[in-house]
Amino acid sequence: MSDVTRGGQFLVKETKCEDIFTPEDFNEEQIMMRDSVKEFVDKELWPNKDRFEKKDYALTEETMRKAGDLGFLSVAVPEAYGGMGMGFVNTVLVCDYISGATGSFSTAFGAHTGIGTMPITLYGSEEQKQKYVPKLASGEWFGAYCLTEPGAGSDANSGKTKAVLSEDGKTYSITGQKMWISNAGFCSVFIVFARIGDDKNITGFIVENDPANGITMNEEEHKLGIRASSTRQVFFNETKVPVENMLSERGNGFKIAMNALNVGRIKLAAACLDAQRRVITNATAYANERLQFNTPIAQFGAIRSKLAEMATSCYAGESATYRAAKDIEDRISAREAEGSTHQDAELKGVEEYAIECSILKVAVSEDVQNCADEGIQIFGGMGFSEDTPMESAWRDARIARIYEGTNEINRMLSVGMLIKKAMKGHVDLLGPATKVGEELMGIPSFDTPDFSELFAEEKDLIVRLKKAFMMVAGSAVQKFGTELDSHQQILMSASDMLIEIYMAESTILRTEKLAKKEGEDKVEEQIAMARLYLYQAVDIVTQKGKEAIISFVEGDEQRMMLMGLRRFTKYTNMPNVVALKETITSKLVAKNEYCF
């Protein structure tokens with residue numbers, strides 16, 4: 001399995017554009033899948049947007065059943081349990097295109113197919129899988145996931161819900177309170193996390209939703225967005241659960257919860273993509289129609305700049321999400337080829353790329369919020385009105401930065417997991433970090449490099465941005481060692497550098513691959529987006545690198561590192577940012593939609 005890249009290695013290994021998967025590589029099956037999902041959304045969800053906004057919970061349930069009838073709930077479920085057994089890229093693709101119309105439906109879909117079904121598929125015994133998964137895959141039953149409690153949010157392992165074994169050893173009695181439970185109002189089965197005795201870690205259970213068995217709920221929560229997704233508090237009062245419904249083994253709940261969230265994170269990133277495409281398409285169409293000073297506002301530079309930035313972020317999000325999805329799929333296949341079970345292969349495959357999953361979750365959830373925010377701005381006063389789809393997109397986007405682990409937690413996780421991988425020897429960070437230190441002591445080269453080939457300068461810059469990250473993260477590890485966890489603000493700065501490197505590199509590699517296939521002249525706009533994204537990434541790396549350096553090193557070392565940061569973030573040929581944005585927007589406005 002040596003030729004399969006490991007998670008986090010993008011930092012220390014050069015990735016060739018031929019080795020990444022891009023949305024342009026979808027095969028016929030994937031294109032058909034995408035088109036049937038889009039047809040479902042355009043027929044069942046988009047025309048009913050106002051009903052979702054008016055908290056029509058019955059409509060959410062009804063459209064979920066329709067999605068089940070069409071097989072969309074079963075894409076990731078193995079064929080042995082009534083699913084389609086498709087690869088990980090297809091799972092991500094369906095999640096992407098089914099989530100663009102309304103956050104209410106996409107939350108119900110994500111909670112059911114992800115954290116509602118997957119823990120049983122990946123951790124369940126054969127009997128549990130046979131009993132529950134086919135009903136969940138078909139949409140006959142719906143699933144929900146009960147982890148969060150009033151006192152246990154980001155610190156998920158601190159829950160107070162108790163599970164007590166009966167004297168005859170046949171049942172557990174579960175008592176406790178869970179909150180923010182998506183799909184609670186119409187689910188048939190809960191994945192519930194509870195603590196047995198004084199165990200250090202929580203344990204997972206499969207609990208059927210039977211009100212006669214001590215299960216009660218509060219009314220639906222009133223929320224800023226995702227208004228028609230059912231969200232309730234759930235109370236368990238001596239709810240009896242047969243011992244054979246324990247998921248995996250005792251004390252394994254925290255691990256189940258964390259791994260379910262890893263998969264959830266990349267799927268959440270995917271779920272923010274089509275929302276961006278739709279916002280961009282609506283904003284572009286509006287800007288082309290709306291006249292001010294006798295001119296369509298799409299002709300004004302201030303609006304054109306916004307459209308270019310929105311399209312660029314969306315394109316970058318697609319590039320990075322599908323790159324990681326295929327890496328995970330390849331890792332799963334490699335493990336299966338070596339004889340692992342599907343369960344084990346999928347778990348280890350996703351766990352391997354947990355760093356990338358956290359990066360994507362943060363980057364794309366923040367991009368969708370900015371995109372919807374600018375969408376409102378382009379619509380002006382109309383954007384603030386419920387008569388246009390912008391304000392609901394903005395409200396729905398807001399939850400994406402909170403669930404599946406807040407963006408703060410995910411920022412710290414991405415760097416923390418990378419350092420752990422380095423300690424285990426899975427990613428060699430120490431070697432490259434030492435080399436960067438030596439390079440700083442040496443005399444820089446003053447040769448003018450040959451940047452005649454497409455993206456030669458951009459790829460050189462990416463290599464140097466990686467050095468900037470190594471320099472900052474390496475010094476922080478040396479200085480703080482195992483105490484680094486408690487220096488959250490330094491970790492957050494390092495994380496922002498890491499995120500921008502992965503997103504910018506993915507965008508450049510996707511575009512380079514496309515240009516080799518289509519010819520540079522055919523993909524001018526994509527080239528402009530890749531350059532614009534990198535230009536902004538360089539600014540963020542510069543700012544966050546500087547913030548970290550001046551906050552934890554002093555004197556000569558500080559001066560040396562700041563000099564290194566300038567060297568690592570320096571362009572030989574600065575791009576013309578306004579010209580890049582013009583190139584991008586001209587195509588958007590001509591096509592009147594997101595067209596990349």
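Which backbone oxygen does the side chain of Gln343 reach? I began my notes with that. The model is predicted, and I kept this in mind throughout.

**Entry 1: Gln343**

I found Gln343 in helix α11, which covers residues 342–352. Its side chain reaches the backbone oxygen of Leu122, at 3.2 Å. I then looked for a side-chain partner. The side chain of Gln343 makes a polar contact of 2.9 Å with the side chain of Lys129. Next I listed what Gln343 touches, leaving out residues up to four places away in sequence. The list reads Thr121, Leu122, Tyr123, Gly124 and Lys129.

I turned to helix α1 (residues 28–45) and helix α4 (residues 88–98). Their axes come within 9 Å and cross at roughly 25°. That angle is under 35 degrees, so α1 is roughly parallel to α4. I also noted the hand: the crossing of α1 and α4 is right-handed.

I wrote down who makes the contact. From α1 come Glu29, Gln30, Met33, Arg34, Val37, Lys38, Phe40, Val41 and Leu45. From α4 come Val89, Asn90, Leu93, Val94, Tyr97 and Ile98. Sorted by class, this contact has ten nonpolar, two polar and three charged residues.

**Entry 2: helix α5**

I checked how covered helix α5 (residues 103–116) is. Of its 14 residues, 13 are buried, and the helix is mostly covered. At its start I looked at Thr102. A side-chain oxygen of Thr102 comes to within 3.1 Å of the backbone nitrogen of Ser104.

**Entry 3: helices α15 and α16**

Helix α15 spans residues 430–441 and helix α16 spans residues 456–480. Their axes come within 9 Å and cross at roughly 100°. The angle falls in the range 65 to 115, so α15 and α16 are roughly perpendicular to each other.

On the α15 side, the contact is made by Pro432, Ala433, Val436, Glu439 and Leu440. On the α16 side, I found Lys467, Met470 and Met471. The contact divides into six nonpolar, no polar and two charged residues.

**Entry 4: Leu565**

Is Leu565 buried or exposed? Its relative accessibility is 4%, so Leu565 counts as buried. Leu565 lies in helix α19 (residues 555–568). I set aside neighbours within four places in sequence and listed its contacts. They are Ala468, Met471, Val541, Thr542, Gly545, Lys546 and Ile549. I also looked at Leu465, which is 100 residues from Leu565 along the chain. The C-alpha atoms of Leu565 and Leu465 are separated by 8.6 Å.

**Entry 5: two positive phi values**

I ended with two loop residues. Ser248 is not a glycine, yet its phi is positive, at about 60°. I placed Ser248 in the loop between β8 (246–247) and α8 (253–271). With a relative accessible area of 27%, Ser248 is partly exposed.

Glu404 also went into the notebook. Its phi is near 60°, a positive value in a residue other than glycine. Where does Glu404 lie? I found Glu404 in the loop between α13 (390–397) and α14 (407–424). Its relative accessible area is 16%, which is under 20%, so Glu404 is buried.

Technical notes. Residues are numbered from 1 along each chain as its sequence is written. This is a predicted model: local features need pLDDT of at least 70, side-chain atom pairs count only at pLDDT 80 or more; totals for chains, interfaces and linings use all residues. Side-chain values use heavy atoms; hydrogens and water are left out. Axes are lines fitted to C-alpha atoms, for helices over the stretch in contact, and angles run from 0 to 180 degrees between N-to-C directions. Helices (H or I, at least four residues) and strands (E, at least two) are DSSP runs, numbered from the N terminus. Angles under 35 degrees count as roughly parallel, over 145 as roughly antiparallel, 65 to 115 as roughly perpendicular and the rest as oblique. Contact means heavy atoms within 4.5 Å. Ala, Val, Leu, Ile, Met, Phe, Trp, Tyr, Cys and Pro count as nonpolar, Asp, Glu, Lys and Arg as charged, and the others, Gly among them, as polar. Buried means under 20% relative accessible area, exposed over 50%, partly exposed in between (1.4 Å probe, protein chains only). A crossing is left-handed if the near helix is turned anticlockwise from the far one by less than a right angle, and right-handed if clockwise. A polar contact is a pair of N or O atoms within 3.5 Å; within protein, one must be able to donate a hydrogen and the other to accept it, and residues adjacent in sequence count only if both atoms are side-chain atoms.
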